[in-house]
Amino acid sequence: MSLLTFLFGCGNKAKDNPSEQEEWRQKTLSYVESINAYIKKGNSEGWENTGPQPEDSGREHLIGSVIAAIRHANDDGDFRSLRESWPLAHVPFIPILEKEGQSIPVVFILDDGSIVARIGTNYQQGKTIHIQGDKATEVPSMGYFGRCPNRRYFGISGEKGISITDGWQGPEVAMCPWPNGTEDIPEGFDVKAWSEPPKPSRIIPFPDGKKVLMVSEQGIYVLTEHKAHRLLPTKEDMKEHFEWSKKEYPEDDLFLDLSMEHGAVSKDGKLIAVGSQGDSHMVFNSQYELIGRIGVQSEYPHYAAFSEDQSTILFNSCHFYNGISVGVPVSLLPGLETEDYKEDERTPILEDGARVYAAASKGDEIVIGDAGGYIKAVGLDGERRWEQFIGSSVGDIDISPDGKTLVVSTYAGFLSIFDLDSDGQAPYQIGDGGHFEKRRWIFWKSEKKPLIW
């Protein structure tokens, strides 16, 4: 019998095995204590002085019992002792995550404190889940979605384009049709229209509720009810690419695509920060004019986010699972240009090490989620604040309007809810943030329903 068959085909155990439960608890707490000491030493004395990283092993034979206990608690609706008896962990589950885990690329905290999340990538059919307390229900007929930076408007993809609603599932205030791929093509080149609409990886309505930033592999656009404005690739990049393509592959049709595409919109809608692999970090104004080009510090542009006060744009570039994030003062725009791989005092390094997949801002710090499963808070001055470990690459992050709750999702099908106003973290949590992870939801492919751990 395979591990997956055992875990997902044998049902629940009626009772916890005390010896297994205690073994899991003791090994988990022991490992967390040692890894937290390792992290503390690395951050204070330098990682070259830490010695070998503690190994997390010896618990794999217990994961069937852990999952059975989680299912049993969810069937009973009693979670009071679950965490104490079976503390949180990630590494022992890695062998099953390749088949059972699934991406959660979008997550938002609504004004009433409930949470909405997209389960499944942008190119999958996927589904939307609404979490209210300990209840998770599916929202029917919901396409890929996003939210504007001031939290009011939502954009939802559909057959004809992106519908902008005033509030979550509120009235439609605008319908922005899909582009067809021929927009803003340089003169002298013939590009065929797309045979089907693009699949956005990010949807960000503007604060006026009348237009939306659509980020996709096919291009980055600002869509309105009447026109589609292409931001990336730029006309200069398209011209260069088409000339090369016609020379090297004269019989092929011209086409465009992007990798690592990303974007962000300021709260006032006046600035748009975008990028993709193989170019610079770029800033456009509300007239879609390029007003800033920032050189990368690592290999490829990968992520962009605005600070809460909109004074700073965080730009992250990456190489494999590592990366460097710089801070760009908005006050230096328009006209700011910096060179690749050259540190510039005008754009200080905010964080060195993380390939950023998601970010959210609170006060004078930006909380980032990285490829290694950590969420980290950095100050706008580059000061390291805190970090917590979730496991697997981070999918998305959001912070509640009152700044007290943080929700983070991962590509492993986990969704964690942190109390940022807590007195401290639990002894089974990895990191030094001091924030209590009060809920971890599990959305795995073979589970009959979402599970609370």
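Tyr 288 comes out partly exposed, at a relative accessible area of 21% (partly exposed sits between buried, under 20%, and exposed, over 50%, with a 1.4 Å probe and protein chains only). Tyr 288 has a positive phi of about 65 degrees despite not being a glycine, and lies in the loop between strand E15 (281-285) and strand E16 (290-294). Helices (H or I, at least four residues) and strands (E, at least two) are DSSP runs numbered from the N terminus. The model is predicted, with local features needing pLDDT of at least 70 and side-chain atom pairs counting only at pLDDT 80 or more, while totals for chains, interfaces and linings use all residues. Residues are numbered from 1 along each chain as its sequence is written, and side-chain values use heavy atoms, leaving out hydrogens and water.

Arg 151, also not a glycine, takes a positive phi of about 75 degrees. This one is in the loop between E5 and E6, and Arg 151 is buried, at 19% relative accessible area. Most residues other than glycine have a negative phi, and most peptide bonds are trans. Leu 232 to Pro 233 is a cis bond, with omega near -5 degrees, and so is Leu 333 to Pro 334, with omega about 0 degrees.

E5 and E6 belong to an open sheet of four strands, ordered E5-E6-E7-E8 with antiparallel pairing (strands pair if DSSP finds at least two bridges between them). Its edges are strand E5 (145-147) and strand E8 (172-177), each pairing on one side only. Five bridges link E6 (residues 153-157) to E7 (residues 161-166), and Ser 157 has Ile 162 as its bridge partner in E7.
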